[in-house]
Amino acid sequence: MKNVTIDVQHVTRVEGHGNILVKVESGEISRVELQIVESPRFFEAFLRGRRWYEAPHITCRICGICSVGHTCASVQAIEAATSIEISEQSTMLRKLLLNGEELQSHVLHVYFLAVPDFLGVGSVIPLASTHPDVVKRALRMKKLANDICAIVGGRHIHPIAVHPGGLTHVPRAEELLALKRRLKEARADLQETANTYRTLKIPDFTRETEFVSLKTVGNGEYAFYDGQIVSTLDRNPTNVSEYRERVIETVVEHSAAKHCRSAKSPSYMVGALARFNNNYDQLHPSAKDAAGALGLKPVCHNPFHNNTAQIVESVHVVENSIELIDTLLTRRLTEEPLVEPTRFGKGVGSTDVPRGILFHEYELDENGIIVGSNLIIPTGQNLANIEADMRAMMPGLLDSGMSKEEITLRLEMLVRAYDPCISCATHFLDIEWV
Amino acid sequence: MKPRIAIFSLTSCEGCSLAILELEDCLLDILGAVEIVNFREGMTERSWDIDIGFVDGAVSTPEDMKEIEHFRECSKVLVAIGACATHGGLNTLKNYQDESDYRKYVYGDQAARFPTIPAQPLSGVVDVDYQLPGCPMVKEEFLEFVKVVLTGRTWHLPEDPVCVECKRNGTLCLYEKGIMCLGPVTRAGCNAICPSYGAKCEGCRGVVHDEALKAAGINLREQYDVDLQDVLADLRMFGAYQEKTLP
């Protein structure tokens, strides 16, 4: 194939609006772009003038899939900007809430968005009649994940109870006990998920890249809610307040979302595979077993295995949630007042959300009014890496004898493997005030 | 023939579309009763012969204008789902700022590449048959709506304020704790979920009726020591009320 143009308008089964454009002229690849065409929403602009405590409730509305993740990064940034230190109970409840979203998002992605490609169908809908047990299993796990979020935060999409200073609601012990029972039952569903997944043929493609994620240096916990920044090429941890040392944003012509590079690499990957590669040692033993059964070892450079890492993390999240509930119940849940701010200034918060490391930064004036903000989104960080993968994959695909339709599907599968969240990604900002 | 359903997104977080997928207990029953023919987030196939079109998101770009007119033409019944589609939602917060300023603030010297118009609800551009408000929409209300419409009955939104639901739930009034809450003016139907999780009502389902707003204005001025600018800021959050003063 000497001349090929692949132009997929509005890639389906991803969150938000994106196009794939690949141009091959006289056998040379001239253009490879993942175009981001989502409507801009101007969150950073309209946060200006709003009150400090509103930031988590406003920014969770950036994205319906990632709203708990945005809430966690935002509330930590506001707490850093107001010198609030929350209680251990509040931290544990937020971690449990975030576990719910990690599980919900991973199950949604693996079963609803990615798996249909492997089974040769356009959506999960036909699977409801051909593979009813698989679909029912997916729905059962998704519902459990949503119920974790609902019991701790009020609901999954746009949680209610997380407020700077703590939480405005404490779950009842019997609610957590019921969740624990269902989490234990979910072990069998996850085992079946791994069994099903093992039968799928994951495309064989590797390209060496850098993997960036949070890491908990202190207590050794696999990092989601907070931590320090590490990567496969630079394992010295960086405090999240110094994130600009690790994340360098650039504007590109074809994207409503900024691209990112690191000090070490022109592109890097964030998300489940990045966390797996950096923090494998901190996984729960059951999650390590799942990784072993699925043949996933760190450092894995095949981006299609992001889906595999999502399953491994799902196992971890279920086990970690059981442990969190045990600790919360042993300590006994108590109603706690919200911790009040002692100053208004600047602050950064970071959470490793389902799609990868997320940064929120705010500046408050002396009255606690937001005057500036910067949000760096996982998908924005992955865009340059996705394009680099597409570019590296194309020669092999062109030589393989695959039809244009097959090549297009393979490129779409690559984009979906990253689980991009384009609504989230269109909130970049050139910032002057720091 | 099963009714042909489409789910579209304009400027939004797509959370209301996702909320449909969070009806796990009855999702397979819904899929048995209707045919989903267009849902970019969840499927590859797309058809434009549509009985009921659900739209989340506000009209906030020139592209949104074109799309909503197209969705309207293709859908026999058009339903706005969620605060962005029913009231403009959070997107309307940009309307209070100077356009060139907010564009430049976010996109710097690339601002010209991102056309935008003041955010407005779907009803500002096309005829909308039904509204399911909330941020996100209340998924149980969506389910009830689908049942009512599929059985040929008429759908009505609740005409009570959120306070009625707090009383029914036995939730202590947040005003008793010194917290200013929009429950007295906001349309019920969410089962007062925010107050029941200890947070004030933020008005995401819109103002229930003008009388409630007038009464609240009088109460807040005469009985409570609150800054009315704070009340207006709260009312603006989801586009519920966008005037400069309370009635």
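A pocket is an open set of grid points with protein on both sides within 12 Å along at least five of seven lines. In this predicted model, the largest pocket holds about 980 Å³ of space. Its lining comprises 40 residues, and those closest to the centre are His163(A), Ile179(B), Gly198(B), Ala199(B) and Lys200(B). By residue class, the lining of the largest pocket splits into 21 nonpolar, eight polar and 11 charged.

The second largest pocket contains about 740 Å³. It is lined by 44 residues, with Gly154(A), Arg155(A), Lys139(B), Glu140(B) and Ile193(B) closest to its centre. Chain A contributes at least two lining residues from helix H6 (132–153). In chain B, helix H6 (139–150), helix H7 (162–169) and H8 each do likewise. The lining of the second largest pocket counts 22 nonpolar, 10 polar and 12 charged residues. Domain 1 (4–150) and domain 2 (162–245) of chain B each supply at least three residues to this lining.

Those two domains make up the division of chain B. Their centres, taken over C-alpha atoms, are 25 Å apart. Contact between them involves 13 residues of domain 1 and 12 residues of domain 2. The two domains bury about 1100 Å² between them, with 57% of that area on carbon and sulfur atoms. One salt bridge is counted between domain 1 and domain 2 of chain B. A salt bridge also pairs the side chains of Arg205(B) and Glu141(B), at 2.8 Å from N to O.

The size of an interface is often given as the accessible area lost when the parts come together. For chain B and chain A, this buried area is about 5400 Å². Carbon and sulfur atoms account for 59% of it. The contact draws 59 residues from chain B and 74 residues from chain A. On the chain B side, Glu24(B), Tyr105(B) and Tyr197(B) lose the most area to chain A. Together these three make up 15% of what that side buries.

Side chains of opposite charge can pair when their charged atoms come close. Five salt bridges are found across the interface of chain B and chain A. Asp230(B) forms a salt bridge with Arg51(A), where the closest N and O atoms are 3.1 Å apart. Over all chains, the count is 37 salt bridges. Asp230(B) sits in helix H10 of chain B, and Arg51(A) lies in the loop between helix H1 (43–47) and H2 of chain A, so the pair joins two chains.

Some backbone features also deserve mention. The peptide bond from Pro298(A) to Val299(A) is cis, with omega near -10°. Val299(A) is placed in the loop between helix H9 (285–294) and helix H10 (306–331) of chain A. In chain B, a cis peptide bond links Cys135(B) and Pro136(B), with omega about -5°. Pro136(B) belongs to the loop between strand S5 (130–132) and H6 of chain B. Phe42(A), a residue other than glycine, has a positive phi near 65°. Phe42(A) lies in the loop between strand S3 (28–36) and H1 of chain A.

Conventions
Residues numbered from 1 in each chain as written. Chains lettered and ligands numbered in written order. Predicted model: local features only at pLDDT ≥ 70, side-chain atom pairs only at ≥ 80, totals over all residues. Heavy atoms only, no water. 1 Å grid on protein atoms, 1.4 Å probe; cavity = no way out; pocket = protein on both sides within 12 Å on 5 of 7 lines; lining within 4 Å. Points joined across faces, edges and corners; volume = space filled by probe spheres on them. Nonpolar A, V, L, I, M, F, W, Y, C, P; charged D, E, K, R; others polar. Helix = DSSP H or I, 4+ residues; strand = E, 2+ residues; numbered from the N terminus. Domains from an automatic or database assignment. Contact = heavy atoms within 4.5 Å. Buried area = accessible area lost by both parts, 1.4 Å probe. Salt bridge = Lys/Arg side-chain N within 4 Å of Asp/Glu carboxyl O.
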